[in-house]
Amino acid sequence: MKQELQDNLCNDFPLLFKEGFYFECGNGWYELIRELCQKLYLLIENVEFEPHNFPNAYQVKEKYGGLKFYMSTATEEMIKLIEEAAKESTTICEMCGDEGELFKHKSWYSTLCDEHRNK
């Protein structure tokens, strides 16, 4: 994901992302990740966590063609939101954000639109 988009997410959701956090996915999932962060942030702000058990994202990446969003700790509601976003990511082109499809190419999986699949 390009640096400007990463910076936007880190600046807008400082409770979720520590300084220097790096997103390992394409720009096309930016809006999906942003929506997920908004929902997670509301939950984080409204639940009291022990300082040693505060939920932070420690990795956000593409794996097997889908979004993986790993948290240090999470409530059941947070886990459900993350799973829903992961499922939705397999319908969104990771490169551009248009409608996409999960497919296997040789030994790896990707979720891409027709245009990016044929490049």
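1. Start with Asp114: at 54% relative accessibility it counts as exposed (exposed means over 50% relative accessible area, buried under 20%, partly exposed in between, with a 1.4 Å probe and protein chains only). Keep in mind that this is a predicted model, where local features need pLDDT of at least 70, side-chain atom pairs count only at pLDDT 80 or more, and totals for chains, interfaces and linings use all residues. Residues are numbered from 1 along each chain as its sequence is written, and side-chain values use heavy atoms, with hydrogens and water left out.

2. Asp114 pairs with Arg117 in a salt bridge, 3.5 Å from N to O (a side-chain nitrogen of Lys or Arg within 4 Å of a carboxyl oxygen of Asp or Glu). The two sit 3 residues apart in helix α4, so about one helical turn separates them. Helices here are DSSP runs of H or I with at least four residues, strands are runs of E with at least two, and both are numbered from the N terminus.

3. Arg117 has another partner, Glu101, with the closest N and O atoms 4.0 Å apart. That pair links distant parts of the chain, as Arg117 is in helix α4 (residues 114-117) and Glu101 is in strand β4 (residues 101-105), 16 residues away. Both ends are partly exposed: Arg117 has a relative accessible area of 26%, and Glu101 comes out at 46%. Through shared partners, Glu101, Asp114 and Arg117 form one salt-bridge network.

4. Elsewhere, Arg34 bridges to Asp12, with 2.5 Å between the closest N and O atoms. Arg34 belongs to helix α2 (residues 30-45) and Asp12 to helix α1 (residues 3-12), so this pair ties together parts 22 residues apart in sequence. Arg34 counts as buried at 18% relative accessibility, while Asp12 is partly exposed at 37%. A search of the whole structure gives 3 salt bridges.

5. On charge overall, the chain carries 13 positive and 22 negative side chains, and the centres of the two sets are 8 Å apart. Lys and Arg count as positive, Asp and Glu as negative, with His and the chain ends not counted; each charge is placed at NZ of Lys, CZ of Arg, CG of Asp or CD of Glu.

6. As for the fold, the chain has 4 helices and 5 strands, in the order α-β-α-β-β-α-β-β-α from the N terminus. Buried residues make up 44% of the 119 residues. Along its principal axes, the C-alpha trace spans about 50 × 30 × 20 Å.
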